[in-house]
Amino acid sequence: MSFVEDFQTSLDALPNILQKKYALLKDLDKSLQDLQKQNEQRCEQEIEEFKREVRSGNIKPDASLAKFSEEALDEQKHSIRIADEKVALAEQAYELVDTHIRQLDQIFKKLGEEIQREKESAIASGSPAASLDSGGKSGKGGEGGRGGRKKTRLAATAAVSASTEPATAPSNLTMMDLEVPVDPNEPTYCSCKQVSHGAMVACDNPSCSIEWFHFGCVGLKEQPKGKWFCPDCATLKKRRKGR
């Protein structure tokens, strides 16, 4: 079973696990509310009883004598334990979801690295690329999808060599459009205006209008050391220094 299949299996079980934890959380919350109500009533009764004893002269009005019973104190301690259990359950639920998000990020990173390796291997061997070009730039004809879909490009060198286009002119290579469904509400990043995928790097210019970039779109293969500026911000920075 592959890493992706393992993740899918784990993801399928996540809703049931979360539902059980939320149901237990709801039960604990009800128990806590009932216990707090019971404790409030007990404490009010004990306070009234203490006041009556003071008024009747049986005890002195000394604040040091105004103590709750062991039963009331035990109820308060029990309430704290239930509250701690609620916090622990909430943290477990959060950690479960966060773990799946981190795993999904790792899957995207691995897929991005595999696609990049295939592209580099295809370029080195001169064979057609067999993977989606995730770094396709916006503003080119045919890339804007319709109905909430965006298009990426796939090099079709083999198809071109068999077509009527001159096989000796690399500039005449055509591209084959593949439609990939994209959530229209998902935010886009980078100069390519695509959604977040694979390894990404943030521009260290706080005023950068784009901020996040795909490695492939800015020519990176690994995380840069120190501060990194996108091409536009780097050019702007050089101009300011030259003044």
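I looked up Cys190 and found it buried, at a relative accessible area of 1%. I count a residue as buried under 20% relative accessible area, exposed over 50% and partly exposed in between, with a 1.4 Å probe and protein chains only.

I note that the model is predicted: local features need pLDDT of at least 70, side-chain atom pairs count only at pLDDT 80 or more, and totals for chains, interfaces and linings use all residues. Residues are numbered from 1 along each chain as its sequence is written, and side-chain values use heavy atoms, with hydrogens and water left out.

I searched the whole structure for disulfides (cysteine sulfur pairs within 2.5 Å) and got zero. Cys190 is in none; its nearest cysteine sulfur belongs to Cys217, 3.6 Å away. Cys217 is buried too, at 13%.

I then checked the UniProt record, an unreviewed entry, which puts a "binding site" at Cys203, Cys208, Cys230 and Cys233. UniProt positions follow the numbering used here, feature names are shortened, and annotations may be inferred rather than shown by experiment.

I placed Cys208 in the loop between β5 (200-202) and β6 (212-214), and Cys233 in helix α4 (residues 231-242). Helices (H or I, at least four residues) and strands (E, at least two) are DSSP runs, numbered from the N terminus. Cys208 is buried at 13% relative accessibility, and Cys233 is buried at 9%.

I listed contacts (heavy atoms within 4.5 Å), leaving aside residues up to four places away in sequence: Cys208 touches Cys203, Phe213, Cys230 and Cys233.
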